[in-house]
Amino acid sequence: MSTTTVPAMEKTQRQIMYREALNEALREEMLRDDTVFLLGGGIGRRGGSYKVTVNLLDEFGPRRVIDAPISEASFTGTGVGAAITGMRPVVEILFVDFTSLIIDQIVNQAAKYRFMSGGKGRVPMVLRTQGGSGNGLAAQHSQSLEAWFYHVPGLKLVMPATPYDAKGLLKSAVRDDDPVIFIEHKLLYMEKGPVPAGEYAIDLGVGDVKRPGSDVTIVAWSGMVGRALSAAEKLAAQGIDAEVIDPRTLVPLDKQLILDSVRKTEHLVIVQEAVRRGGVASDIASIVQQEAFDYLDAPIEIVAGRNTPIPFNVQLEKAAVPQEPEIVAAVKKCLYVK
């Protein structure tokens with residue numbers, strides 16, 4: 001599926017929230033394709049904990065917006081089975097932390113089915129979930145666990161940072177014939193941004209330059225994109241021109257966009273909210289070291305979460321994950337600027 005091009009003027013016609021953009025994407029795809037249905041806890045009359053599915057039950061009825069009991073393994077398994085038989089389920093797991101309860105369904109069943117069927121089978125399923133910290137929800141509701149799914153062949157992984165990206169990528173995810181893990185950051189649901197009223201979709205595997213620059217490349221995704229952009233503005237006031245790259249999808253990864261940027265700036269800082277050990281940032285750094293080493297003018301810097309569970313205390317929670325000053329400091333270290 002190719003990305004629909006939207007005129008630049010149309011992109012500025014209205015400002016809507018991230019959660020509203022997701023709601024529009026689901027509604028439009030349900031209208032377009034009657035095999036699309038929603039499944040999860042609290043997604044019906046309640047409209048989901050973050051109001052992404054609000055009003056969809058009234059429009060599409062209980063056969064297509066299914067309010068499931070809090071039994072993640074059972075309703076995710078139902079979604080996998082429905083996808084195998086030709087439906088397109090969008091399953092919601094409230095908080096990425098509780099995907100631990102559905103590892104078999106996603107990792108052993110959905111991710112492997114195309115391979116084990118000799119390419120004949122498909123699992124066109126989206127798993128929507130919420131990741132990241134910032135709401136004071138403590139250690140079991142605040143993790144960034146994208147590396148779990150990044151590691152699994154057969155899964156696609158999407159982490160949009162803006163309302164525009166959220167809508168366009170969710171529509172593509174619903175239309176995709178492979179299982180897609182779609183992680184939404186909790187702090188982004190109320191964020192507003194330009195979203196065109198017309199039909200559009202964004203291809204999976206296509207990153208975006210959120211801010212052009214010439215001195216250093218900052219790669220960030222999900223909730224860290226906003227902090228990277230804020231850091232870039234602080235750096236600009238000090239004469240440092242940072243380019244901010246948002247991969248948007250981690251699998252497939254738009255590595256060419258990252259490599260092209262690094263070859264231009266010759267410096268790279270990667271920002272992830274997750275802990276550094278075994279993280280996606282380390283893999284991106286490895287790719288750049290292998291394919292653009294001769295262009296690097298300094299060691300790659302990684303800014304990541306502390307190696308600790310997320311604290312409940314709000315101030316400690318902030319201290320556990322990257323903040324703007326840490327990104328600024330990492331860029332200056334990369335550029336040997338005091």
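How much space lies in the largest cavity? The answer is about 60 Å³. The structure is a predicted model, in which local features need pLDDT of at least 70 and side-chain atom pairs count only at pLDDT 80 or more, while totals for chains, interfaces and linings use all residues. Residues are numbered from 1 along each chain as its sequence is written, and side-chain values use heavy atoms, with hydrogens and water left out.

One cavity of 30 Å³ or more is found in the structure. Here a cavity is a set of points, on a 1 Å grid over the protein atoms alone, where a 1.4 Å probe fits but cannot get out, and lining residues have an atom within 4 Å of a point. The volume is the space filled by probe spheres set on the points, which are joined across faces, edges and corners. Among the residues that line the largest cavity are Ser 144, His 185, Trp 221 and Glu 273. Two or more residues of this lining come from each of strand 7 (180–185) and strand 13 (268–275); strands (E, at least two residues) and helices (H or I, at least four) are DSSP runs, numbered from the N terminus. By class, the lining holds four nonpolar, six polar and two charged residues, where Ala, Val, Leu, Ile, Met, Phe, Trp, Tyr, Cys and Pro count as nonpolar, Asp, Glu, Lys and Arg as charged, and the others, Gly among them, as polar.

Now to the helices. Helix 4 (residues 72–84) and helix 5 (residues 103–110) cross at roughly 25 degrees, and their axes come within 8 Å. Axes are lines fitted to C-alpha atoms, for helices over the stretch in contact, with angles from 0 to 180 degrees between N-to-C directions. Helix 4 is therefore roughly parallel to helix 5, since angles under 35 degrees count as roughly parallel, over 145 as roughly antiparallel, 65 to 115 as roughly perpendicular and the rest as oblique. Their contact (heavy atoms within 4.5 Å) includes Ala 73 and Val 80 of helix 4 and Ile 106 of helix 5. It divides into four nonpolar, four polar and no charged residues.

Helix 9 (residues 224–236) packs against helix 13 (residues 324–334) at an angle of about 55 degrees, with the axes 9 Å apart. This angle makes helix 9 oblique to helix 13.

The peptide bond from Val 251 to Pro 252 is cis, with omega near -5 degrees. Asn 55, a residue other than glycine, has a positive phi near 75 degrees.

Notes. 1 Å grid on protein atoms, 1.4 Å probe; cavity = no way out; pocket = protein on both sides within 12 Å on 5 of 7 lines; lining within 4 Å.
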